Amino acid sequence: MNRERLIEETRGQMPARRWEHTLGVVGSAAALAAKYGADAEKAELAALLHDYCKYWPIDEQRREYAEAGLDPDLLRYDPQLIHGPLAAEIVRRRYGIDDPEILDAIRYHTSGREKMSLLDKIVCLADYIEPGRDFPGVHNIREIAEHSLERALVAGFDSTIQFLLAKGKKVYPLTLAARNALLDEIGRPELG
Ligand code: DGI
Ligand code: FE
Ligand code: FE
C-alpha cells in the first residue's frame, strides 16, 4: 500500500473535523520526534493511524474488539478507550503494518501504559497538544512539552483524570499506572 492510498483510506474513516485533528497530530508528532530524538517516520505513521477507528459506530468497535480477542477488561471502562487497541489490530490486518513500536504507540495512545516507550510518549503527547486542541490547560501542557516529555504527559493525564473524576466516571487502571511510572521516571534526575 503506498502512502497516498493509506492517507486517503484513513481520511475516509472519519469526518473532516477529525481528519484536521489527525493532520495536527502528525505535525506535532514529527516535531516532538525531532526534538526528543525519535524516528520521525514511525511517529508520523503512528500519528496518521492513531484514530483510525474513532468514528466507527461504537457497537461496531465493541464487536470488532471482542472478535479480535482483545482484553475484555477494557470493556468495563469508557468506550472511548476501545479505538486505540482496535486501530492497532485493524491496521495490522488491513495494511500489514507489523512494526511493534508503531502498533504499540497506536494501541496505547489514549490510555498510556506502564513504562511507555519514547514513541508511545510522543504520539500520546502529540494527541494532547496538536494545534487544534483547546481544552483548559492545553497551553500549560504545550509549554511543559518544550522541556520535558514526561512532565507534559503527566500534566495531560492529570487533566484527563480530573475530567473523569469531575464526571463521576471510572479511570482505567492503565492510565494510573502510566502516570505513576512517569512520575518515577521524573523522580530520577537524569531523566526529569
Ligand atoms: O481520540 P482523541 O479524542 O483524539 O483523544 P484520546 O484518544 O486521547 O481520548 C479519548 C477520550 O478518552 C478522552 O477524552 C478521555 C477519554 N477517557 C475515558 N476514560 C479514560 C479516558 N482517557 C484515559 N487516558 N483514561 C481513561 O481511563
Ligand atoms: Fe484517540
Ligand atoms: Fe486523537
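1. How are the donor residues of the iron ion (ligand 2) spaced in sequence? The pattern is D-x31-H-x25-H. Keep in mind that this is a predicted model. The residues behind that pattern are Asp51 (OD), His83 (NE2) and His109 (NE2), which coordinate the iron ion (ligand 2) at 2.1 Å. Two of them come from distant parts of the chain: Asp51 sits in the loop between α3 and α4, His109 in the loop between α6 and α7, and 58 residues separate the pair.

2. Are Asp51 and His109 buried or exposed? Asp51 has a relative accessibility of 2%, so it counts as buried. His109 is buried too, because its relative accessible area is 2%, and the cut-off for buried is under 20%.

3. Now look at the other metal, the iron ion (ligand 3). Its donors are His21 (NE2), His50 (NE2), Asp51 (OD) and Asp127 (OD), at 2.2 to 2.3 Å. Along the chain they follow H-x28-H-D-x75-D. Here His50, in the loop between α3 and α4, is linked with Asp127 in helix α7, 77 residues apart. Both His50 and Asp127 are buried.

4. Finally, have a look at helix α6, which spans residues 100–107. Its buried residues are Ile102, Leu103, Asp104, Ala105 and Ile106. Among the elements covering them are α3 (40–49), α5 (83–95) and α7 (118–129).

Conventions:
Residues numbered from 1 in each chain as written. Chains lettered and ligands numbered in written order. Predicted model: local features only at pLDDT ≥ 70, side-chain atom pairs only at ≥ 80, totals over all residues. Heavy atoms only, no water. Buried < 20%, exposed > 50% of the residue type's maximum accessible area, 1.4 Å probe, protein only. Helix = DSSP H or I, 4+ residues; strand = E, 2+ residues; numbered from the N terminus. Contact = heavy atoms within 4.5 Å. Donors = N, O, S within 2.8 Å, 3.2 Å for Na, K, Ca; no water.
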